Amino acid sequence: YRTTLISLFHKQLKGKFELSEIMEHMFDDGSSSTYVEECVAAVKECDIYFIILGNSVGSYPPNESRTYTEIEYQTAMEEDKFIYRLQLENIDEKTIDDPVKHKALRDSFEGKHVTYINDEAELEGIFIKSLLNHFKEINTENPYRGMDPFQIADGEYFFGREQEIEKFIKLVLTTENERVFSVCGDSGLGKSSFIRAGVMHRMLEEEVMGYSEHIPLTVRPGEQPMTNLKYQLRRHAGIHGQDLSAKDFEGAKLLLFAHHLEELYTQGHSETAKAEKEAFINLMNELASHPNLDVVIFLTYRSDFAETLAQHAFVGQHAREFELKSFDFRKNNAQWEQSITEIITAPAEKHGVSLESELVSSLIQELEDLDGCLPILQMTLYQIWDPKVIKDHQIKYSELLKLSRGKGLIGLLQNHANSVT
């Protein structure tokens, strides 16, 4: 792998970075070895350090109990270098040269961000992407949403749900005779953002799907669900009338999104509000069952209201339900970590900045025990983004500790709560 990466470096990265090739003065059999002092000095002089763990822990310098790999890696950690930890996904235990030392190295990766690779091609891609990210010009604008929900226009910053977006869109494109699609889940799972910045953004952007000319409409019931819907329809689609019916939608091309549908029951208990609710439900039932409309309807609501809402035909009879679970650690802990990692790192990388692996690992560990963690995570990431801090293309774990007074994510949450009370 080392030879491959050196060749790749000289072909694509020379002139942007300087490669320390001190380890190429020695061979894996230990002959012609460089001395420990030279090895340590080379690591101290570098800015970025890659460690790739395969089935070998490396060779030993003369009269040393540690391998060159151990010496390098320990020095890089002591010197607080920017470290990329890469590890082969599948290692045959029988081929490991020193099982005890190999396990010690693997254990040292615990709690830190590790990228797993399967072959040379994958390694080359990760290597180039990682280094070019450091060379990329920094965009100092904050790429995180904070407490603001994702909108359709934020789609290019919406990461971590690629598989589910594709599955949902596949459901929409392959379903015949139904136009209502619902996402049900607990609070804090990002249901509304998923539809707006994930599904609707993709359907509007990719012309081949046939929805690029559709008008996107978003409505939240509140205390006046019918009034709110009428307002969006007249303002953005030119559809209006005192008593709207499905016939008024004929000829229109719409992507209609009704979110927080549980508000039909949690808000508005006056007689006027009840009339609004009834009119809204009746119109949605008509839209769901009308045979000749170019309208797609998306719904989101809390799981504890699923049974109640299902009594209405547009939900219970017509809606194709999609379970959003990648951010529920209890149901899907394998994909959860991958998704959360993308949400944490990808927006910053888009702006030319990396997050230190210890910072990523710390956030992931704390989020495992929090229900509805996405708003908390976005608020945290928004706060740690500072143009003064990112000038070196990196945000370190120490920044989180400084802002939270050593208490981590929970400390930042407490600080935020104190500032608004």
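Select E120 to begin. E120 sits in helix α5, which covers residues 120-135. This is a predicted model, so treat each stop as a computed one.

Now check how open the side chain is. E120 has 36% relative accessibility, so it counts as partly exposed, between the 20% and 50% cut-offs.

**Zoom out: the whole chain**

Show the protein chain as a cartoon. Its secondary structure comes to 17 helices and 10 strands. Switch to the C-alpha trace: along its principal axes it spans about 90 × 50 × 40 Å.

The accessible area of the protein chain is about 21,500 Å². Carbon and sulfur atoms account for 46% of that area. Of the 421 residues, 48% count as buried.

Then colour the charged side chains. There are 43 positive and 69 negative ones in the protein chain. The centres of these two sets lie 4 Å apart.

**Next stop: T140**

Select T140. This residue lies in the loop between α5 and α6, the latter being residues 162-174. T140 has a relative accessible area of 45%, so it is partly exposed.

Which residues does T140 touch, leaving aside its neighbours within four places in sequence? Show W385, P387 and I390: T140 is in contact with them.

Go to D80. It is in the loop between α3 (68-78) and β2 (82-88). Read the backbone angles here. Phi of D80 is near 55°, a positive value in a residue other than glycine. With 43% relative accessibility, D80 counts as partly exposed.

Finish at R405. Look in the loop between α16 (397-403) and α17 (408-420). What is the phi of R405? It is positive, about 55°, although R405 is not a glycine. Is R405 buried or exposed? R405 counts as exposed, because its relative accessibility is 68% and the cut-off for exposed is over 50%.

Definitions and conventions. Residues are numbered from 1 along each chain as its sequence is written. This is a predicted model: local features need pLDDT of at least 70, side-chain atom pairs count only at pLDDT 80 or more; totals for chains, interfaces and linings use all residues. Side-chain values use heavy atoms; hydrogens and water are left out. Helices (H or I, at least four residues) and strands (E, at least two) are DSSP runs, numbered from the N terminus. Buried means under 20% relative accessible area, exposed over 50%, partly exposed in between (1.4 Å probe, protein chains only). Accessible areas come from the Shrake-Rupley method with a 1.4 Å probe; for residues, only the protein chains shown count as cover. Lys and Arg count as positive and Asp and Glu as negative; His and the chain ends are not counted. The place of a charge is taken as NZ of Lys, CZ of Arg, CG of Asp or CD of Glu. Contact means heavy atoms within 4.5 Å.
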